[in-house]
Every structure is written in C-alpha cells, then in structure tokens.
Amino acid sequence: MTTKPMSPAVVQEVIAKQFPGLLGIELVETTPERVVGRLQARPEVCTVGGIVHGGALMGFADTLGAVGTFLNMPPGATTTTIESSTKFMAAAPAGQVVTGESVPLHRGRTTMVWQTSIRREDGRLCALVLQTQLVMEPKAATAK
C-alpha cells in the first residue's frame, strides 16, 4: 500500500463536479492519516425544520472517509463504501458551518475503516459515522 500526499485543493478539484461538490463540501486537510472538511448548512441541504438533513451529514462523512481511503490506496485501485453506521447526537442549525474530521481505525489491503466526527460551530458533536471502504485492485486489461 502506498500513500498519496495530495493538497486539499487538488482533491477538491477532483470531487467538485460530483455529489460532494453538489453538497458544497470544502476540504481543509487531506492526509493519509486525517481528512477534514466543512459543510455550509445552507437551505438546499436542510430540512423544512431548518436543520441539516441527516442524509447530507451522511454524504459529507462518506466523502471524507472515501477521500482518506483514496489517499491510502495503491495506484490504479478504486474504492466503494460497503457499510456505514451513523449516530446522530445533535441538530446543526441552518446558517452554520459544520466540520467533519475523518480518521482511520483500520487501513488494510482490501478494506479500510474510517470514523468521522461531525461538529457544529459551538463544538457540539452532531454525528458520529463509522464506515467501511472496500479497496478494489485494478482489473487486468483483456486482449481483444
């Protein structure tokens, strides 16, 4: 397994045109040992009640764990989430910025497990997410 040092700006460019970009995720730190990002609680990611939608928090956490896995994978490998568990602790009100920090609990050859803590501006824990990422080796090219 090799680790890839990549700046947040480089990874941000990769995810900008996909679901993480749609959510508005801003990457702050991207290392093989820790991924940190922010999510603005704007109306498009909130419920009618004016709090961040649980699905938005789950997508935010999933992105951070997937980025961490990507930074730890061998060249050419891909990843997908195969399990995720979310515990919601407190609401994040509209207008705030929530911060997520994802750290590896296990970095194996075929799976990686990441724990993401999402906190609102006052530091209160909003959600704790544990996810397992599958690491898939590149498929061998077939001759035609």
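In which helix does Val67 lie? Val67 lies in helix H3. Before going on, some bookkeeping: this is a predicted model, in which local features need pLDDT of at least 70 and side-chain atom pairs count only at pLDDT 80 or more, while totals for chains, interfaces and linings use all residues. Residues are numbered from 1 along each chain as its sequence is written, and side-chain values use heavy atoms, with hydrogens and water left out. Helices (H or I, at least four residues) and strands (E, at least two) are DSSP runs, numbered from the N terminus.

Back to Val67. Val67 counts as buried because its relative accessibility is 5%. Buried means under 20% relative accessible area, exposed means over 50%, and partly exposed is in between, with a 1.4 Å probe and protein chains only. Apart from neighbours within four places in sequence, Val67 is in contact with Val11, Thr30 and Val35; contact means heavy atoms within 4.5 Å. Leu105 is 38 residues away from Val67 along the chain, and their C-alpha atoms are separated by 14 Å.

Now the sheet. It is open, has six strands in the order E1-E2-E4-E5-E6-E3, and the pairing is antiparallel. Two strands pair if DSSP finds at least two bridges between them. Strand E1 (26-31) and E3 are the edge strands, each pairing on one side only. On average, neighbouring strands of this sheet are turned by 20 degrees against each other, direction ignored. Axes here are lines fitted to C-alpha atoms, for helices over the stretch in contact, and angles run from 0 to 180 degrees between N-to-C directions.

Going through some of the pairs: strand E2 (residues 34-40) and strand E4 (residues 97-107) are antiparallel over six bridges, and Val36 stands opposite Glu101 in E4. E4 is joined to E5 by eight bridges, again antiparallel, with Thr99 opposite Arg119 in E5. The hairpin from E4 to E5 goes through three residues.

E5 and E6 pair over nine bridges, in the antiparallel sense. Val113 stands opposite Thr132 in E6, and Ser117 opposite Leu128 in E6. E5 and E6 also form a hairpin, with five residues between them, and Gly123 in the turn has a positive phi of about 90 degrees.

E3 and E6 run antiparallel and are joined by 10 bridges; Ser84 has Gln131 in E6 as its bridge partner. Thr86 is also in strand E3. Is Thr86 buried or exposed? Thr86 counts as buried, because its relative accessibility is 18%. Not counting residues up to four places away in sequence, Thr86 touches Met58, Ala127, Leu128 and Val129.

What does H3 lie across? H3 lies across E1, E2, E3, E4, strand E5 (111-119) and strand E6 (125-136), and runs at about 135 degrees to E5.

Last, the largest pocket, with about 270 Å³ of space. Of its 16 lining residues, the closest to its centre are Ile15, Gln18, Pro20, Ala66 and Val67. On a 1 Å grid over the protein atoms alone, a pocket is an open set of points where a 1.4 Å probe fits, with protein on both sides within 12 Å along at least five of seven lines; lining residues have an atom within 4 Å of a point. Helix H1 (8-15), helix H2 (19-23), helix H3 (54-72) and strand E3 (78-88) each supply at least two lining residues. H3 gives the largest share, six residues.

Note on methods. Grid points are joined across faces, edges and corners, and a volume is the space filled by probe spheres set on the points.
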